[in-house]
Amino acid sequence: MDSYSLTLVFIIGLIFAFMDAFGIGANDVANSFSTSVASKSLTLKQACFIAVFTEFFGALLLGSHTAKTIRDGIVDLSKFQGKQDALMVGMMCALIGSSTWVLTASKLGFPVSTTHSIIGATIGIGIVIHGFGVVNWGWANKGVLQIITSWFLSPLVAGIIGAIIYCSVKYLVLKRKTPFKNGLRFIPVYFFITVTIIIFFIVYKGTPGINLTSLGFPIILAVTLGIAFIAVLFAIFFYIPWVKRIIINHEDLKFYHIPFIHFIGEHKHLSEIALESGIPESKIDIMNIKKNSNIHEDIINHSAKDISNKMEKEQPKNEANKSLSKKLGGIFTHGINQEIAEYKNDEYKEMHDAAIKYDDNTEELYSFLQILTASFASFAHGSNDVANAVGPLTTIYYIWCTGLNPDSTLSIPIWILIFCAVAIDLGLITYGYHVMRSLGNKITLLTPTRGFSSELSACLTVLTCSRLSLPVSTTHCITGSTTAIGLCNGNLKSVNWKLLLFCGFSWILTLPIAGIIAGITFKLLYPIFMYYSSVPNSI
């Protein structure tokens, strides 16, 4: 095959690699932050802001700079020797199959594994070209049997770990006579546990590009425990004084005040800010404001409403005069202005009422840990799962540039990492709210302690099972842990079983549907590309 031939295949591959990475952001990244948004530890805008940086820099700085030509060796690469054109078109069709399914599932709000999607699409290509024998159907070397096992293993293990973590918080803190005081006592302990798990997770799952595992377990353990001990000191001397002033004194403090908390004088109380902003007296109650939304959002919304009313009186609305920039801005901000925590709560009122509610102040203690866990999990995710879109595109690019058969691993150009990292961020910002709604309060009622337990258990499950060479999916882990924590209410009605049935069904459909779409697309397009490639200067 000549170099720089089949340019149209490369261009189409670029487009669908972008769409596949977009789907990763809309689905995988969204499920990482869904519990934080649903429990109101973060607003949707705040979650997107954090994830934009953690995913991008995770992919760019810690992501592997080599990619497997065929994901996880699920199809025998040697069968494509001398068939560079078939492999190139096949990877393009794999991206079409994977992105089509992931975006469809995201639109429907189904959390699916994007890794399983690209593997399913690759299997479809392998079967169409070489038959069923080319696929690794067994257990060894991450075969199809491992993927099927993960459908059950991931949610089960994560559910058990999530229930253990949540029950520890429940019985050591939430159900005590003085839950807030107990919460303050145990916060340093949970800081230690959380940071230890996060560091191990980052080292073993989130640094394929710099291979920190080569340092050896004793060094990794010593560094991890050292950092965790520093985190405990941080919690005792900075976080606890900061959070006490917010919850007990109702002071208007920001997260960036934490390191300087002992040098900051008394701030205005939230009630004073509300009064100065003209919020009606009936809305001043601090805890009601905290439960419904952030105080600053109340202020902004109240002021905006007054301004809007004045403008309506002064001049009529004229939608036709909106500038192009505002319309384009609306496209990008539409996704981050969606309601997540309160979305269709009336429909799920019976399920939410079946969940046990605990002290609001104590719950708020765990918001910071929940945000910390979600942020670092997202950082590791960006470095690891970007390969789902990067791998096939790198294969296409290599064949297009050289015309040669690729090796089993390829060096990734930096522009491809940036290209896919940007697409992941855009996917989350514009489309991630669909999956966030499903994994949020639609499965069970989520609070900061429940969300923290769910995210931490997902990290621990992925870390442990990966070290034991057991197949797991982060998406399945989050779903399983959220369900198990919902069951800790002791009431089956506190969990949305109908939605879980649809989620499980979508997991099973991922491999065959992505494979069928990719296989049919290859059958239709490959003859066309081969016909026109024989015509000089055609494609």
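Tutor: Start with the contacts of the whole chain. Of those with a separation of 6 or more, 80% join residues 24 or more positions apart. The model is a predicted one. The protein chain holds 20 helices and two strands. Its length is 539 residues, and 54% of them are buried.

Now zoom in on the loop between α1 (7-38) and α2. Serine 41 lies in this loop. Its relative accessible area is 12%, so serine 41 is buried; the cut-off for that label is under 20%. Which residues does serine 41 touch, leaving out those up to four places away in sequence? They are Ser36, Gln46, Ser367, Gln370, Ile371 and Pro448.

Follow Ser367 from that list. Serine 367 is found in helix α14, which covers residues 367-385. The side chains of serine 41 and serine 367 make a polar contact at 3.2 Å. Set aside the neighbours within four places in sequence, and serine 367 is in contact with Ser41 and Pro448. Pro448 is also on the contact list of serine 41.

Next take Gln46. Glutamine 46 has its place in helix α2, residues 44-62. Is glutamine 46 buried, exposed or partly exposed? Its relative accessibility is 37%, so glutamine 46 counts as partly exposed. Isoleucine 336 is 290 residues from glutamine 46 in sequence. In space, the two C-alpha atoms are 9.1 Å apart.

Phi of lysine 40 is near 70 degrees, a positive value in a residue that is not glycine. Lysine 40 has 35% relative accessibility, so it counts as partly exposed. At the other end of α1, look at leucine 6. Leucine 6 sits in the segment before α1. Its phi is positive too, at about 55 degrees, although leucine 6 is not a glycine. Leucine 6 has a relative accessible area of 4%, so it is buried.

That brings us to α1 itself, and to the helix it packs on. The axes of α1 and α3 come within 8 Å and cross at roughly 30 degrees. That is under the 35 degree cut-off, so α1 is roughly parallel to α3. The crossing of α1 and α3 is left-handed. Their contact holds 17 nonpolar residues, six polar ones and one charged.

From α3, step on to α4. Helix α3 spans residues 84-108 and helix α4 spans residues 114-130. Their axes are 8 Å apart, and the angle is about 140 degrees. Roughly antiparallel needs over 145 degrees. α3 and α4 are therefore oblique to each other. α3 passes α4 in a right-handed crossing. On the α3 side, the contact residues include Ala86, Gly90, Met91, Trp101 and Val102. On the α4 side, Thr114, Ser117, Ile118, Ala121 and Ile125 are among them. By class, the contact of α3 with α4 has eleven nonpolar residues, five polar and no charged ones.

Helix α20 covers residues 497-533. How do α4 and α20 pack? The angle is about 45 degrees, and the axes are 7 Å apart. α4 and α20 are therefore oblique to each other. The crossing of α4 past α20 is right-handed. From α4, the contact draws on residues including His116, Ser117, Gly120, Ala121, Gly124 and Ile125. From α20, Thr510, Leu511, Ala514, Gly515, Phe522 and Lys523 are among the partners. This contact of α4 with α20 divides into ten nonpolar residues, seven polar and one charged.

Definitions and conventions:
Residues are numbered from 1 along each chain as its sequence is written. Side-chain values use heavy atoms; hydrogens and water are left out. Axes are lines fitted to C-alpha atoms, for helices over the stretch in contact, and angles run from 0 to 180 degrees between N-to-C directions. Helices (H or I, at least four residues) and strands (E, at least two) are DSSP runs, numbered from the N terminus. Angles under 35 degrees count as roughly parallel, over 145 as roughly antiparallel, 65 to 115 as roughly perpendicular and the rest as oblique. A crossing is left-handed if the near helix is turned anticlockwise from the far one by less than a right angle, and right-handed if clockwise. Contact means heavy atoms within 4.5 Å. Ala, Val, Leu, Ile, Met, Phe, Trp, Tyr, Cys and Pro count as nonpolar, Asp, Glu, Lys and Arg as charged, and the others, Gly among them, as polar. Buried means under 20% relative accessible area, exposed over 50%, partly exposed in between (1.4 Å probe, protein chains only). A polar contact is a pair of N or O atoms within 3.5 Å; within protein, one must be able to donate a hydrogen and the other to accept it, and residues adjacent in sequence count only if both atoms are side-chain atoms.
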